[in-house]
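Look at the model first, then read on.

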Amino acid sequence: MRHLVTGATGKVGNAIVHRLVERGDEVVALVRNPDAAREHLPLAVEMRVGDVTDRESLRIAVEGADGVFNCMGLFEQWLPDPGEFERVNAYGARNVVLAARAAGVRRVVHTSTFDVFHAPTGGTVTEDALADYPKHTAYQRSKQHAEEMVLGAAGDEIELVIVNPSGIYGPGPWAAAGLDGMIRDAIRRRLPVIPPGGISLGFIDDVAAGHLAAFERGSHGRRYILGDQYKTIWEIVSAAVSVAGRGFVPPVIPTGLARVIASGGELISQLIKRPPLLGRGQLEFLLWQAHVDDRRARDELGITFTPFDQGIAKTVAWMERIERI
């Protein structure tokens, strides 16, 4: 089979690309910078220069594809121009599905997020509890809108499956804005404090396997949460330092102080046009402390999830191998 993968240099898309190539499928990756992308992609991957906001580049890239994995997206919780989330995450996703539909592609897997669901603080997220209100941040709202748009663009001509990963960790292209940077800095003794709250986690191998299973066995229009264990940020950092056998586990910032820091940091960021150390959206997401119910992915897709102690050990070993720590 031949597949188009968007976001092929991100952690999720890259893991999917490698698995497709390993099983002998043809893969086309939509990339903006082929020189930079080649570092992360197998030689067998055909690169097409383009962007999800450029419909003509998508038309060319999707020619001859049997399936599409739409893994692209801006995942930061803060950008100088918040409208960029909507342009890329929502309208870009719609462009991908429209291009696939015009090319006669039969099946698309769209990567969303578990942020689109509703649960009370500390509650459990399920696929049946889709939030019926605009979420807190521009990122979250763009992902909500993206789901609406891709389902509408698919119509009755494409089988579209949505996967909703939780917090992703593990080997793959470096993601300094996520858990990668925090784990590295703790092991290097450069992390001064830890934000409060936590996140439900999905090891990258399991998330990639979930995408392939969704393509093969997922039902049209159905959502599948890909995630497993909930951990506080302190627990994640502590486990990484323990596995590495070095580093420092700093104290957790009190919630009230964290909110002051996040608000003040965003005001400064608007002036200097650089991301805050802790954005309000990121903080509120961590304080949501939502757990995930992964039974649908286990039952319908046949996915199993890597225990956290094994996943964090593989993550630290990968960082040491690529000399990030």
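## Ground rules

A residue is buried under 20% relative accessible area, exposed over 50%, and partly exposed in between, with a 1.4 Å probe and protein chains only. By that rule Arg-189 is exposed, because its relative accessible area is 56%.

This is a predicted model: local features need pLDDT of at least 70, side-chain atom pairs count only at pLDDT 80 or more, and totals for chains, interfaces and linings use all residues. Residues are numbered from 1 along each chain as its sequence is written, and side-chain values use heavy atoms, with hydrogens and water left out.

Helices (H or I, at least four residues) and strands (E, at least two) are DSSP runs, numbered from the N terminus.

## Aromatic pairs

A pair of aromatic rings is described by the distance of the centres and the angle of the planes. Rings of Phe, Tyr and Trp (its six-membered ring) pair if their centres lie within 6.5 Å; planes under 30 degrees apart count as stacked, over 60 as edge-to-face and the rest as tilted. Eight aromatic pairs turn up in a search of the whole structure. In one of them, the ring centres of Tyr-169 and Phe-308 are 6.0 Å apart and the planes are at 45°, so this pair is tilted. The pair links distant parts of the chain, 139 residues apart. Tyr-169 is in strand β8 (residues 167–169), and Phe-308 is in helix α12 (residues 308–321). Buried or exposed: what is Tyr-169? Tyr-169 counts as buried, because its relative accessibility is 3%. Phe-308 is also buried, at 8%.

Ring pairs also join Phe-114, Phe-285 and Trp-288 into a cluster.

## Helix α6

Helix α6 covers residues 179–187. How many of its nine residues are buried? Eight are, and the helix is mostly covered. The buried residues are Leu-179, Asp-180, Gly-181, Met-182, Ile-183, Arg-184, Ala-186 and Ile-187. They pack against α1 (11–22), β8, β9 (198–203), α8 (233–244) and α12.

## The cavity

Rolling a probe the size of a water molecule over the atoms shows where empty space is left. On a 1 Å grid over the protein atoms alone, a cavity is a set of points where a 1.4 Å probe fits but cannot get out; lining residues have an atom within 4 Å of a point. Grid points are joined across faces, edges and corners, and a volume is the space filled by probe spheres set on the points. The count comes to one cavity of 30 Å³ or more. The largest cavity holds about 40 Å³ of space.

Which residues line the largest cavity? They are Tyr-169, Leu-201, Gly-202, Phe-203, Asp-206, Asp-228, Gln-229, Phe-305, Thr-306 and Phe-308. Strand β9 gives the largest share of this lining, three residues. By type, the lining has five nonpolar, three polar and two charged residues. Here Ala, Val, Leu, Ile, Met, Phe, Trp, Tyr, Cys and Pro count as nonpolar, Asp, Glu, Lys and Arg as charged, and the others, Gly among them, as polar.

## Trp-78

Trp-78 lies in the loop between β4 (67–70) and α4 (83–102). Trp-78 counts as buried, because its relative accessibility is 10%. Where contact means heavy atoms within 4.5 Å, and neighbours within four places in sequence are left aside, Trp-78 touches Phe-85, Glu-266, Ser-269, Gln-270, Lys-273, Arg-274, Pro-275 and Pro-276. From Trp-78 to Asp-228 is 26 Å, C-alpha to C-alpha, and 150 residues in sequence.

## Positive phi

Most residues other than glycine have a negative phi, and most peptide bonds are trans. Arg-189 has a positive phi near 65°. This residue comes just after α6, in the loop between α6 and β9.

Gln-289 has a positive phi as well, near 55°. Its loop runs between α10 (280–288) and β12 (291–292). Gln-289 counts as partly exposed, because its relative accessibility is 28%.

Methods: On a 1 Å grid over the protein atoms alone, a cavity is a set of points where a 1.4 Å probe fits but cannot get out, and a pocket is an open set with protein on both sides within 12 Å along at least five of seven lines; lining residues have an atom within 4 Å of a point.
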